[in-house]
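Dear colleague,

Please find below the structure I said I would hand over to you. My notes on what was found in it follow directly after.

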Amino acid sequence: VVLVACAALSLLAAVLPAELREELAGGLRRTVVAPLIALQTQAERARGAFVTRDVTAARIDSLLLRNAQLTELASENERLRRLIGLGRALQSGFVPAEALHGRGLGDEHTVLLTVGARAGVVERAVVVAPDGLVGVVTSVDPETSLAILWTHPDFRVSAMTGDGATFGIIQPHPGDEPERYLLELRGVAFRDALKSGTIVRSSGLGSLYPRGIPVGTVLGQLESREGWSRTYLLRPAVRPPDVTSVMVLLPDRVRSDLSSVWSSPAGADSTRRGMVSAGDSLAAMAARLDSVRRDSLRRDSTVRDTGRVRP
Amino acid sequence: MKWGRWLKGVLAFAVLVTLHYTVRPLLGLRVSVDFLVIAVLLMSVRTRPGAAALLGFATGLVSDALSPSAFGAGALAMSLIGFAASRLKAVFFADNILLHASFFFAGKWVHDFVYLVVDRQATLLALAAQLFVWTPLSAALTALVGVFLIVVFRATFEPQAV
């Protein structure tokens, strides 16, 4: 009897009008079946997540890679802009070059430059970067040349403070790892006390380095055995690992005063900003020239087309 | 003691219904295990035919709620296999795995047959393909899982004489 009743009810449900069936089914879905529907939804979502996991992971990897590449491109872009700005400030008497760092023992103080004698590079040519002094060329080949960085034990440069009142000799600081990439300003007259943050530039004495290239910033005074002079610890203007694109100054430029290229009352940061904006203005100028050229080409073609249509 | 066994049976039924709505969509295969059929068959052999038919009817209504176009088809199919399983519970007294597997296989196949016939939506070709290709595969898988459950949870699913 129960089976017959169940079968009859089932058949009745099967032949009910569609609206009524939907109403009954909807009532069940909203009440008794609701927890089961929730379970089914979660399971299907889990399956979807499992199926698309590899695709999603691949997409995330691609985005991360692209993001990393964009960061590298942005930093390289800024570096090149600053170099262009430096070139604009120097105007003439320089050769741009790539600085290739050696990876072997003993190579940490030298870089290989991608320009040589054919580009006009000579021995003792000064190597600079947008931030300041990098080093000096020690040997020249036709296509390449070798330069020592300021970290080299033999590096020396005659230096002065920005106001030209205090002089000394800069050399690498022979410290251990934490102070390895610092400089010393030696032989400062005992009467001249320098404040921390004072920018020190090349003095131009000795006719090797032109006057006015930033070399470092005073961090503090060091203990000195010599009672007649002071020694200061400097933070270098250029970090050796950051040196990738440089300018090699040609002999005729060395004799001139470069104070105006890097001089700025607000310090190195504003100088850097100025160089970046100079790079930007160069790019803007190139874009304007390109636009003018395209416009003139378009005008030319319009004139030609017009001439063709009109008999 | 009797109540304890009955409670275990109800719990097993609830777990199987839950598995039907979690494992099946998780696997997403066309050939899938019908945990509802297993649940109805296993519970039916523990109850009287009338109660088994009612249980099948209720379970079928639940499954029909998700497919209103075939509303009633699942209820009828489940009622029939529940009733039949309760009548044929002697099969379960025989300790033969092949017989158990045949029981689940036949239950699933009959369920799909009744469902498709009452539903009347499939063409003759689609009906034949479903009944002679896909349903046997699903039934075989359902039988495999059903036998596994009986072997592992023998104490829970052991049938009772009425």
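In chain B, I97(B) is part of helix α7, which spans residues 97-119. Please bear in mind throughout that this is a predicted model.

I97(B) has a relative accessible area of 48% and is therefore classed as partly exposed, since that class lies between the limits of 20% and 50%.

Turning to chain B as a whole, the chain contains 9 helices and 0 strands. Its pattern along the sequence accordingly reads α-α-α-α-α-α-α-α-α. Chain B has 162 residues, and 49% of them count as buried. Among its contacts with a separation of 6 or more, 71% are between residues 24 or more positions apart. The accessible surface of chain B is about 7,700 Å², and carbon and sulfur atoms account for 74% of that surface.

The second topic is the interface between the two chains. Here 24 residues of chain A contact 27 residues of chain B. Together, chain A and chain B bury an area of about 2,200 Å² between them, with 79% of that area coming from carbon and sulfur atoms. Of the area that chain A buries against chain B, 23% is supplied by L3(A), L36(A) and R47(A), which is more than any other three residues supply.

What is the count of salt bridges between chain A and chain B? The count is 0. Polar contacts, by comparison, are found between the two chains in 4 residue pairs, where both residues have a pLDDT of 80 or more.

On the side of chain A that touches chain B, the elements giving two or more residues are α1 (2-15), α2 (18-30) and α3 (34-51) of chain A. The largest share of that side comes from α1(A), with 9 residues.

With kind regards

Terms used
Residues are numbered from 1 along each chain as its sequence is written. Chains are lettered from A and ligands numbered from 1 in the order in which they are written. This is a predicted model: local features need pLDDT of at least 70, side-chain atom pairs count only at pLDDT 80 or more; totals for chains, interfaces and linings use all residues. Side-chain values use heavy atoms; hydrogens and water are left out. Helices (H or I, at least four residues) and strands (E, at least two) are DSSP runs, numbered from the N terminus. Buried means under 20% relative accessible area, exposed over 50%, partly exposed in between (1.4 Å probe, protein chains only). Contact means heavy atoms within 4.5 Å. Buried area is the accessible area (1.4 Å probe) that two parts lose on being put together, summed over both. A salt bridge is a side-chain nitrogen of Lys or Arg within 4 Å of a carboxyl oxygen of Asp or Glu. A polar contact is a pair of N or O atoms within 3.5 Å; within protein, one must be able to donate a hydrogen and the other to accept it, and residues adjacent in sequence count only if both atoms are side-chain atoms. Accessible areas come from the Shrake-Rupley method with a 1.4 Å probe; for residues, only the protein chains shown count as cover.
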